[in-house]
Every structure is written in structure tokens, then in C-alpha cells.
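Let's take a friendly walk through a protein model. Please have a look at the fold before reading on.

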Amino acid sequence: IAATVFAWMVSRAGYWLEAPAQPPVRADAIIVLGGNDGDRALRALALYRESYAPKIVLTGLERGSASLPANLTWRAEFLVSRGVPKSALRFELYSDNSFDEAANILELMKKQGWRTVIAVSDPPHMRRLAWTWHRVFKGSGLSYALVASETQWWSPGHWWRDERTGAFVITEYIKIAYYVPKR
């Protein structure tokens, strides 16, 4: 019985990671968290076109990029090429990890007078982001919605059958084990 329960829990690991994802809400800005292959930018573009927020903030400046906004990153260029005005883009250049992103976005919100943001990331990141953002935003009076990108590769019910999905699930559990005691 214990082995069966354990096997069932392992098979559901992907669903547990994505569970904290939320529907989008009207916000002051859409935050596109760094480190992705385009799915996050696509989701942000859709949210922007649906008028969920008038600004898009890109985090996680790609290493080796020149100063912004003179030389835009590929995500900015992608968004601009699809109709997002450069004036709607903002850049958060100081974050090296998810905790820094949450803390730096909170400070940006305070400086800009924003009350609510939408943070876009990939489905398997939602559990760790929910924990991290809750901890950072606790008591601030400011709010956020964690919205998952729409990915072709994510398969939460069969994560162990696909190398990319399996790597994400395993990596996220390792990151959660690191973040929980450290932060």
C-alpha cells in the first residue's frame, strides 16, 4: 500500500507544482520572469492585447546584453515587433534568481505606485513562485497574480516520460528544497 501511495504521489508531482497558478486579473503591469524560450513572452503579449495591464516588465537581462533600452533583449524585440510600444516596456535588471525578482518587483511597484501585477512564468515554477512571492509580499498591501505560460512541452501527468518535463520537475523540487530553509 505504501509503495502504491508513493508511486501515485510521484505521478502527481507535476500537478502539485503547477497548482498555485491563477487566472489573470486587471493589473498595473505584467511581469515576464526571466529565463525562458518565449512561452512567457507569448503569454504576456496575449494578456497585454486583452488589456489586463498597460505595461510589461521584463526581468532577467540575458547575460552579455548591452545596457537597456538602447539595445533591447530578444523578448523586448519580439513584443515590439508584435505591436507593444517601446513606451509600454520596463526592465528589471538586478535579479539573479526568483527571490530577487519578487523583492525587486515589490520595490518597483512601490516606486511606480502600482497596486497589482501579473507575474508570468512556466507552469512547473508556480509552486516555488507562490511560496517566494507570498513571503516577499506579506504585509506590503500590494498584490500579484501568478499566471502560467501556455507551453506545448509541459506534461504534468506524464512528466517522467519526457526528458524536458522530467528535468523541470526534478529541478523545481531541488530548488524548493533549497528555497524553503534558506529564505
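## About the model

This is a predicted model, in which local features need pLDDT of at least 70 and side-chain atom pairs count only at pLDDT 80 or more, while totals for chains, interfaces and linings use all residues. Residues are numbered from 1 along each chain as its sequence is written, and side-chain values use heavy atoms, with hydrogens and water left out.

## The sheet

Five strands make an open sheet: the 5 strands follow the order β3-β2-β1-β4-β5, with parallel pairing. Strands here are DSSP runs of E with at least two residues, helices are runs of H or I with at least four, and both are numbered from the N terminus. Two strands pair if DSSP finds at least two bridges between them.

The edges are held by β3 (89-92) and β5 (143-148); each has a single partner strand, so one side of each has no neighbour in the sheet. On average, neighbouring strands are turned by 25° against each other, direction ignored. Strand β2 (residues 56-59) runs parallel to β3 and is joined to it by 4 bridges. In this pair, V57 is opposite R90 of β3.

## Helices on the sheet

Helix α3 (residues 39-49) packs on the sheet and touches β1 (29-32), β2, β4 (116-121) and β5, and its direction makes about 170° with that of β1. Contact means heavy atoms within 4.5 Å. Axes are lines fitted to C-alpha atoms, for helices over the stretch in contact, and angles run from 0 to 180 degrees between N-to-C directions.

Helix α5 lies across β1, β2, β3, β4 and β5, at about 145° to β2.

## Two helices together

How are two packed helices described? By the angle between their axes and the distance between the axes. For α5 (residues 98-112) and α6 (residues 126-137), the axes come within 9 Å and cross at roughly 40°. Residues of α5 in the contact include F99 and L106, and those of α6 include W133 and F137.

## A salt bridge

The whole structure has 4 salt bridges, each a side-chain nitrogen of Lys or Arg within 4 Å of a carboxyl oxygen of Asp or Glu. One of them joins D122 and R40 (3.1 Å, N to O). D122 sits in the loop between β4 and α6 and R40 in helix α3, so this pair links distant parts of the chain, 82 residues apart.
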